[in-house]
Amino acid sequence: MSDKLVTNTVIFLFGSLLFLANGDNYAAAPLIVNIAEDLNFSVNAAASSVTAYMLAFGVFTILFGPLSDRYGKVFIIHISTMGTAIFSILGALAYDLPSLIFFRAVNGAFAAGLLPVVLAYLGQASSDSERPQVLTRIMSYGFLGTATATLIGGTIAHFGSWKLVYLSYGIMELILAILMLKMIKRDKPVSDKINILATYKKVLSHKGVLSLLPLFLLMGFTVFGIFTYMGQLITERFGYDIFTVGAMLSPFGLGIIAAGKAMPTLRRKLQQYYMPFNGTLIALALLGLSASNNPVLFCLYLFMFGAGFILFQPVFIAKIQEQIPHMKGSIMSMASFGLFTGGAIGTTLNGFIISTWGMTTMLYSSAAIIFITGFIAKSVMVKLDMPVTAKACC
């Protein structure tokens with residue numbers, strides 16, 4: 001990472017990878033109504049494909065962390081990129097609910113070797129002074145993928161079909177996988193053996209890790225578990241077509257990008273109120289989404305929703321990586337496990353809440369959870385001796 005050309009090349013390729021991987025994941029939000037209609041099952045059933053993706057991601061990330069420490073992070077990234085590409089393409093061939101769930105679950109399993117391992121690799125390959133800038137740059141690609149995913153997915157589905165969305169992302173990922181094989185050299189393993197049980201026993205015996213993991217779980221539950229149903233909410237409330245639904249969801253990603261740039265300033269100014277501010281921001285956004293019948297205000301609340309998410313997330317990632325610096329791969333795996341398992345639980349539970357009590361109840365309950373999470377996060381950071389005025393990581 002010391003050579004600037006190599007650094008820029010690696011960041012561009014890995015950044016493009018995260019752009020596509022995030023897009024492949026978030027593009028599902030405007031599609032689930034379309035998928036349900038095309039394959040003739042309920043929206044909740046269609047959402048189970050999202051649950052399958054997130055749950056497989058969360059479970060398999062536990063495996064990829066130690067494997068990346070043992071065999072090298074680039075090697076795992078190569079395998080995961082190729083697998084993700086293939087099963088994203090196969091997702092376009094789904095013809096019923098079981099086949100859709102299977103293809104999306106395997107896609108999620110391979111995707112588990114991307115984001116956490118890429119962040120661990122760059123954290124390992126960068127010096128302490130370079131790391132904040134490097135992580136900021138690489139995550140901005142992923143956030144751009146999030147910002148554009150719903151618009152890209154909605155546009156492709158509008159002029160083609162939801163199957164074409166998965167096919168398009170899969171083909172682009174396959175091209176990138178081939179380029180990466182040729183252009184990115186494998187790194188050296190940081191461990192000479194693999195013992196998953198011993199690895200996670202050490203990780204989970206660390207008090208700092210244990211105190212941070214519930215934050216990832218709560219974040220996944222409230223953010224991923226809700227965003228899956230935003231396309232359904234727009235369709236029910238406004239009656240728009242899938243192209244407009246995708247466009248209306250884009251402010252969530254734009255909020256991520258905008259707030260990511262403002263985060264250092266906000267942390268410095270808000271100090272001990274930073275974490276409660278984030279929880280309050282998301283809670284207000286969810287309450288606004290529950291009540292707004294104005295499409296412009298609805299987009300503004302989605303912007304706030306995305307902004308609150310990114311104001312939380314990089315802080316959690318930076319702090320958990322600090323706990324056991326020489327085990328970044330395994331640490332990031334546990335963090336991703338918490339985030340995506342929380343998302344899977346949230347998607348499933350919220351589907352039940354929607355079908356039983358309605359969309360408003362889901363948004364109210366999640367607003368209460370994330371509001372409380374802001375104060376929990378403040379307490380955790382204080383105990384870990386991390387002042388919120390510390391240098392921003394991402």
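The expected span of a helix is 1.5 Å times one less than its number of residues, with helices taken as DSSP runs (H or I, at least four residues) numbered from the N terminus. For helix H16 (residues 359-383), 25 residues should therefore span 36 Å, and the end C-alpha atoms are 36 Å apart, which agrees. This is a predicted model in which local features need pLDDT of at least 70 and side-chain atom pairs count only at pLDDT 80 or more, while totals for chains, interfaces and linings use all residues. Residues are numbered from 1 along each chain as its sequence is written, and side-chain values use heavy atoms, with hydrogens and water left out.

**Helix H16**
- Buried residues (under 20% relative accessible area, 1.4 Å probe, protein chains only) of H16 include Met-359, Leu-363, Ile-370 and Val-380.
- The buried residues of H16 pack against helices H10 (207-227), H11 (230-238), H13 (274-291), H14 (295-323) and H15 (328-357).

**Aromatic pairs**
- The structure holds 21 aromatic pairs, meaning rings of Phe, Tyr and Trp (its six-membered ring) with centres within 6.5 Å; planes under 30 degrees apart count as stacked, over 60 as edge-to-face and the rest as tilted.
- Phe-14 and Tyr-121 have ring centres 5.7 Å apart and planes at 90°, so the pair is edge-to-face.
- This pair links distant parts of the chain, with Phe-14 in helix H1 (residues 4-26) and Tyr-121 in helix H6 (residues 115-125), 107 residues apart.
- Phe-14 is buried at 0% relative accessible area, and Tyr-121 counts as buried at 10%.
- The rings of Tyr-53 and Phe-57 are tilted, because their centres lie 6.5 Å apart and their planes meet at 35°.
- Both Tyr-53 and Phe-57 lie in helix H3 (residues 43-71), 4 residues apart, and both are buried.

Definitions and conventions:
Helices (H or I, at least four residues) and strands (E, at least two) are DSSP runs, numbered from the N terminus. Buried means under 20% relative accessible area, exposed over 50%, partly exposed in between (1.4 Å probe, protein chains only). Contact means heavy atoms within 4.5 Å.
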